[in-house]
Amino acid sequence: MPRNIFIYKINFMHKEYKPIKFPTDESVHDYIIEWWYFNGHLKDSDDNEYSFMDCLFRVDVKKVKIPFLSKIPLKTSYFSHSLITDLGSKKFYHRIAPFSMISDDSFSKPLLYINYLNPEVKNGYVNCVIEKIDELKYHLKNEDVDLILTSTKKPILEGGKGYLDLHSKTTYYYSLTNLKTEGRIKIKNKWIDVTGKSWMDHQWADTEYSQDKWNWFSVQLDNDTEIVCCMYDDGKVKTYFADISYADNHQEHYQEVEITALNERWTSPKSKAVYPLAWKIKIPERNIELNLTAKVDNQEMLFGSINYWEGPLRVEGNFGKEKVKGVGFMELVGYPSQYTNVKYLSDEIGRTASRFFSIAKNKAFDLTGNFKKRITG
């Protein structure tokens, strides 16, 4: 479903629908918004569990109409959001880069290739990559992950053709639902070897920012069945959909879906937004009933006045007559917040200043140490 901060408004000049073609449509499109999104569930050699999310956004700065991006003197801008969750300690680490620098040779290869960096006040920079390295393999790298992901199933084309009509808006959308994953992640400056399973979404649309609401879920069951489902509310019409990829690679698509919040809630100390953390999902036609529960409460992402909850789930329930378990990811957008653009800028300025003085202090210490060594030597 629509990734992270983008909400659709009707576009009366929308482009004519064209069927999605691989690998061409894995790369960039001339649309107002586009994003490449990954989430995953990982373990280290001691069976410690982790999850991650990484998403790179591309926007037409003037047409997307996000207030704090409108001053950027570029036609096209990129930014990225990412997170790592240590499930053992229930610690959540995240990065929000409001501006990402894309290399000149990005999107220049036959297969998907994006090379970028996220400028920060620090000693150096990390080269970030989203690339397809052969027919089934992808390389995902940022400040905190360096992973190889191998797709084991054909893509899901949401709605059956990868083009959703959400009444007042449309979007292209496909998913890679079962990516065998290996590589490493970084927590507290320590790299950890991991293996696991990931998910990828790619979406593009001619839409601009507004304030709609959605509850989005990706589910990966232990029987190699995956489900993506969503409720999208544009303020006038609620649209539901679910797409299923079975172990044998056949797919089904449904519009009759029930997505119900249960009683468990978490209130953000920063934004004061209240997020439901337990849900029941039903697909009556297939006799599917799943209970989904957040593994960690605090998974809120703040991007200016835009807030959303993004994080890992435990999943259990019934799939027809079969008892099933699995994992998932949840994204909750459009929940009322008291966090403002002014507060966001203040926090970012304070965070940047803190990093700058920390770096300056460390450099001064090094210089002093070297100076003393030269004198005493």
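Trainee: Where does leucine 74 lie?
Mentor: Leucine 74 lies in the loop between helix H1 (61-64) and strand E3 (76-86). Helices (H or I, at least four residues) and strands (E, at least two) are DSSP runs, numbered from the N terminus. The model is predicted: local features need pLDDT of at least 70, side-chain atom pairs count only at pLDDT 80 or more, and totals for chains, interfaces and linings use all residues. Residues are numbered from 1 along each chain as its sequence is written, and side-chain values use heavy atoms, leaving out hydrogens and water.

Trainee: Is leucine 74 buried, exposed or partly exposed?
Mentor: Leucine 74 is partly exposed, because its relative accessible area is 37%. Buried means under 20%, exposed over 50%, and partly exposed in between (1.4 Å probe, protein chains only).

Trainee: Changing topic, where is aspartate 60?
Mentor: Aspartate 60 belongs to strand E2 (residues 49-60). Aspartate 60 counts as buried because its relative accessibility is 8%.

Trainee: Which side chain does the side chain of aspartate 60 join in a polar contact?
Mentor: That of lysine 75, at 3.1 Å. A polar contact is a pair of N or O atoms within 3.5 Å; within protein, one must be able to donate a hydrogen and the other to accept it, and residues adjacent in sequence count only if both atoms are side-chain atoms.

Trainee: And what about serine 198, buried or exposed?
Mentor: Serine 198 counts as buried, because its relative accessibility is 0%. This residue is in strand E12 (residues 190-205), and its side chain makes a polar contact of 2.7 Å with the side chain of threonine 181.
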